[in-house]
Amino acid sequence: MNASVYIETSVASYLTARPSRDVRAAACQNITAEWWDNRRSEFDLFISEIVIAEASRGNAEAAS
């Protein structure tokens, strides 16, 4: 049985944002992408309606 992980809005944001020139933001993007590519299959992922609502207020193409 996999552990459960709640995915909040910043995870989706880091995964879909254009690469940042800010060192700290770029590091968060890279760490998030690496986890998403290599580790997410080890967990049961969940999001809330709030995350969906927040994401839908952003760039429509990225939100989809």
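Biologist: Is Leu45 buried, partly exposed or exposed?

Modeller: This is a predicted model, and the general idea is that a residue is called buried under 20% relative accessible area and exposed over 50%, with partly exposed in between. Leu45 has a relative accessible area of 31%, and therefore it is partly exposed.

Biologist: Where is Leu45 found, and with which residues is Leu45 in contact?

Modeller: Leu45 is found in strand 2, which covers residues 43–46. If we leave aside its neighbours within four places in sequence, Leu45 is in contact with Val5, Ile7, Trp35, Trp36 and Arg40.

Biologist: Why does Gln29 count as buried?

Modeller: The same cut-off of under 20% applies here, and Gln29 counts as buried because its relative accessibility is 10%. Gln29 has its place in helix 2, residues 23–38, and, apart from neighbours within four places in sequence, it is in contact with Tyr14, Ala17, Arg18, Pro19 and Ser20.

Biologist: How much space lies in the second largest pocket, and which residues are closest to its centre?

Modeller: The second largest pocket holds about 180 Å³ of space, and, of the 13 residues that line it, Ile7, Ala12, Ile47, Val51 and Ala55 are the closest to its centre. Helix 1 (9–16) and helix 3 (49–56) are the elements that give two or more residues to this lining, and helix 3 gives the most, with 4 residues.

Biologist: How do the lining residues divide into nonpolar, polar and charged?

Modeller: The lining of the second largest pocket has 11 nonpolar residues, 1 polar and 1 charged.

Key:
Residues numbered from 1 in each chain as written. Predicted model: local features only at pLDDT ≥ 70, side-chain atom pairs only at ≥ 80, totals over all residues. Heavy atoms only, no water. Buried < 20%, exposed > 50% of the residue type's maximum accessible area, 1.4 Å probe, protein only. Contact = heavy atoms within 4.5 Å. 1 Å grid on protein atoms, 1.4 Å probe; cavity = no way out; pocket = protein on both sides within 12 Å on 5 of 7 lines; lining within 4 Å. Points joined across faces, edges and corners; volume = space filled by probe spheres on them. Nonpolar A, V, L, I, M, F, W, Y, C, P; charged D, E, K, R; others polar.
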